[in-house]
Amino acid sequence: MNRTNILATAIAFALLFPIELPAQDLAMQSRIRQEGFRNSKVMELASGLTDTIGPRLTASPSMKRANDWTRQKLADFGLANAHLEPFAFGRGWTSESCVVRMIAPDVTQLYALPKAWSPGTNGPVRGKVMKVKLESEADLEKQKGKLAGAIVMMADPRPLDPHDKSMLERYDEKELEELAAYSIPSSRDNARLLEYVKRRKFRRALAQFTMDEKIAAIVDLGGGGDGGSFRIQSGGSWKKEDPIGVPQVVLAPEHYGRLARLIDAGIEVQLEVDVKAQFLDADTNGYNTIADLPGGDRKNEIVMLGAHLDSWHGSTGATDNAAGVAVMMEAIRILKALNVTPRRTIRIALWSGEEQGLLGSRAYVAEHFASRAEPKDPEERELPFSMRKEKTPLTVKPEHAKLSAYFNLDNGTGKIRGIYAQENAAAVPLFRTWLEPLHDLGATTVTMRNTSGTDHLPFDEVGLPGFQFIQDEVEYSTRTHHTNWDSYERLQREDLMQAAVVVATFVWEAANRAELMPRKVLPQ
């Protein structure tokens, strides 16, 4: 029987013949609800992260403040061993201001922000805007000697449609039913992998080209959003060996479109760009915040919960991911406030470097649980771990046997509607039992599907039970994800309170069951 048939048989058996499960601790469920709904601190935590600390770009001064603030808060809750764990990252970056004005044919203030790891301009720079195609090595060769002193636009403007529906999105019952049905994963696309490597190489070549050709600055289109909302991520690199390029800024799509139309009409456009930014090389580490609620008779075994603390710099990172951090901190605060001792130790981890490729959680898993050597093929090393074809042997560490499960939250401010079982068939009946007394809160769905893109993956990749909760979208895709409007005002208080109660219930049940959480086959 091949692996696919084994998995299918296991799923069918688990669904048709559910294992006998112990009764859930409903008295504890009542206590969790009482503390979580009557004495909630989740919005105070969210405000501290967003309003007081602000954006939390990995390795920036504000991220260091966030690490220290969360460590102190967890210690104030009464948790044990609240500390920071470093991992190798690269150069830090911070920006003080960004001013972009059109100075011809009109004088207009433009909505703009610098891309992360973009160098500053060292004072205002003025230049003619040139709209050029720079998408390949051939394009770079064609433009040599033509762009010195210019401010360059490379992207085409994006048409903006009227809003024809509410931007607020929640799962309805039909959508949850569809999500609960298993979806067979698509096959690996080797062409997509090769394209990823090609793009990475070209970005470095483009950065070097812009420096060699003495381009004054690059203005780019803010992806997604409208009405003054636009997405802002990275332009330069945090890796010290990569070229830093020239100053790069993102414009609101309405302003970018105007510049593009003027140039297409043959009208000369001039901009003034003033970006104050600096690289930080004194400390090239990133840091994760860690703390424990010590266990009782099985204290050497661990149940983990976590969320990523870092954000992009365009706003205060409220839905991505102060919301997840506040919920996880509130969940463990609830359990500590109830003055109970779980059988297993419950550990919270607040990750850094998630936005750069799950770097903090991946480093933690490699340090504590299991690791792989880097591939010999240099092109494989360019790929994110999940995209690599060459998987080097797995070295398992003693702590690997002691971790029961890791639970993650990272999809915005919406309430929890269920959980992804990540193809772990034996976890499905457990999760269904734990969700049953939470149905009145809207948490009902268990799906065997995998979900990707966040910090449960490094656990799953080394054979550890790592899970991500299902959340209502609310405005995540339509308004807040990586945008300049991802602020406290977009948070939904009742949803975050509900999420904290659901998470506290799950980690309590996992910490107190007779056995460790069931595992999938250890990956080879």
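**From surface to core**

Begin by displaying the surface of the protein chain: its accessible area (Shrake-Rupley method, 1.4 Å probe) is about 23000 Å², and carbon and sulfur atoms account for 51% of that area. This is a predicted model, in which local features need pLDDT of at least 70 and side-chain atom pairs count only at pLDDT 80 or more, while totals for chains, interfaces and linings use all residues. Residues are numbered from 1 along each chain as its sequence is written, and side-chain values use heavy atoms, with hydrogens and water left out.

Next, switch to the cartoon view. The protein chain contains 15 helices and 18 strands, which are DSSP runs (helices: H or I, at least four residues; strands: E, at least two) numbered from the N terminus. Its radius of gyration, taken over C-alpha atoms, is 24 Å, close to the 24 Å from the globule rule (2.2 Å times the number of residues to the power 0.38) for 524 residues, so the chain is as compact as a globular protein of that length.

Now hide the surface and look inside. Of the 524 residues, 55% are buried, meaning under 20% relative accessible area (1.4 Å probe, protein chains only).

Which residues touch the most other members of the largest nonpolar core? Select Ile348, Phe407, Phe431, Phe469 and Phe506, in a core of 71 residues. A nonpolar core is a set of buried Ala, Val, Leu, Ile, Met, Phe, Trp, Tyr and Cys residues joined through side-chain atoms within 4.5 Å. Then select helix H15 (residues 493-512), which supplies the largest share of this core, 13 residues.

Finally, select Cys98, Val129, Val249 and Val273, which are among the 23 residues of a second, separate core.

Note on methods. Buried means under 20% relative accessible area, exposed over 50%, partly exposed in between (1.4 Å probe, protein chains only).
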